[in-house]
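Me: Please take a close look at the packing and the charged pairs in this model. I would like one connected account, with the cut-offs stated.

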Amino acid sequence: MKGLHLRSALLAAGMASILPGAAIPSFAQEEPAKAQEEAAPKEGEVAVVPDAFRRGSGLPLPRFVSLKSGRVNSRVGPGVNYAVDWMYLKSGMPMEIIQEYDNWRRVRDPDGSEGWVNQSLLSGRRTAIVAPWQRGKPDAAITVMSEPNKDASVVVRVEPGVIGTIKTCNGSWCEMTFDGREGWISQALLWGAYPGETVKD
C-alpha cells in the first residue's frame, strides 16, 4: 500500500489568500456525504475499467466538479478494496472528472495528480482556482473586475491559488465569488472552467 499523503498541503487554506485589505477566502467544511463509498469489486476480485467508459453517469467527459466533503480519500482504483493513495482535506476544491466506473470517478486535481473518488463525495457546484501555475511568482496578483471587461474597475486583487465559486461564465470571462466579494475574472486565468465553456447560474 502506498503511503498516505495528506493533500491539505497542496491547497491548504484555499492555496493562497486575497491580498491585503481583503479577507482570506474560506469554505465551510460540509458534513461528509451520507452515502458511503461503495466497493466496485468484491474482495479478491479485480475491477476492469472499460475502455469505452460504458458505465457511469452518461454525462460528458471530461468535466469539472468540486469536492463536497472536507475529507475525501483518493484511491488507486474504483473501489474501497483499493489502497488510499492520498486524502483531500479541502471542501470546495475543483476537480476534473476524466473517467467513470459505476459510482466511482477518476479525477484529476490542479497539480495533475489522479485518483478514484466515490461520486457521493463530489458536487456539481462549480468552483475554480485562480492561475495556480503562477503561484510563487513575484507580482503575480490577478485582478477581479466589476464587469467582464479589462477596462472595468477593479473589485479586488487575488493571489494565484485562491479558490472561488463560479456563478456564470460566458466563454471569455467568469463571474465569481471570493469570500463574499463578487466580480469578473478572465476565464483563461482559471483552472476549473474550460476555454470557451459557458456556465449558467
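Reply: The model is predicted, so local features need pLDDT of at least 70 and side-chain atom pairs count only at pLDDT 80 or more, while totals for chains, interfaces and linings use all residues. Residues are numbered from 1 along each chain as its sequence is written, and side-chain values use heavy atoms, with hydrogens and water left out.

Ser120 sits in the loop between β7 (114-118) and β8 (122-123); strands here are DSSP runs (E, at least two residues), numbered from the N terminus. Ser120 is buried, at a relative accessible area of 7%, where buried means under 20%, exposed over 50% and partly exposed in between (1.4 Å probe, protein chains only).

The whole structure contains 9 salt bridges, each a side-chain nitrogen of Lys or Arg within 4 Å of a carboxyl oxygen of Asp or Glu. One of them pairs Arg105 with Glu100 (3.5 Å, N to O), and both residues are buried. Another, at 3.0 Å, pairs Arg135 with Asp111. Arg135 lies in the loop between β9 (127-130) and β10 (142-145) and Asp111 in the loop between β6 (104-108) and β7, so this pair ties together parts 24 residues apart in sequence. Arg135 is partly exposed at 31% relative accessibility, as is Asp111 at 41%. Lys167 and Glu182 form a salt bridge of 3.3 Å; Lys167 is in strand β12 (residues 163-170) and Glu182 in strand β14 (residues 181-186), so parts 15 residues apart in sequence are tied together. Glu96, Arg106, Arg108 and Glu114 are linked in a network of salt bridges.

Turning to the nonpolar packing, a nonpolar core is a set of buried Ala, Val, Leu, Ile, Met, Phe, Trp, Tyr and Cys residues joined through side-chain atoms within 4.5 Å. The largest has 17 residues, and those with the most contacts inside it include Val130, Met176 and Leu190. Elements giving two or more residues to this core are β9, β10, β11 (154-158), β12 and β13 (173-178), with β13 giving the most, 3 residues. Beyond its neighbours within four places in sequence, Leu190 is in contact (heavy atoms within 4.5 Å) with residues including Ala128, Trp133, Cys174 and Ile185. A second, separate core of 14 residues includes Met93, Val107, Leu121 and Leu122.

Key:
Helices (H or I, at least four residues) and strands (E, at least two) are DSSP runs, numbered from the N terminus.
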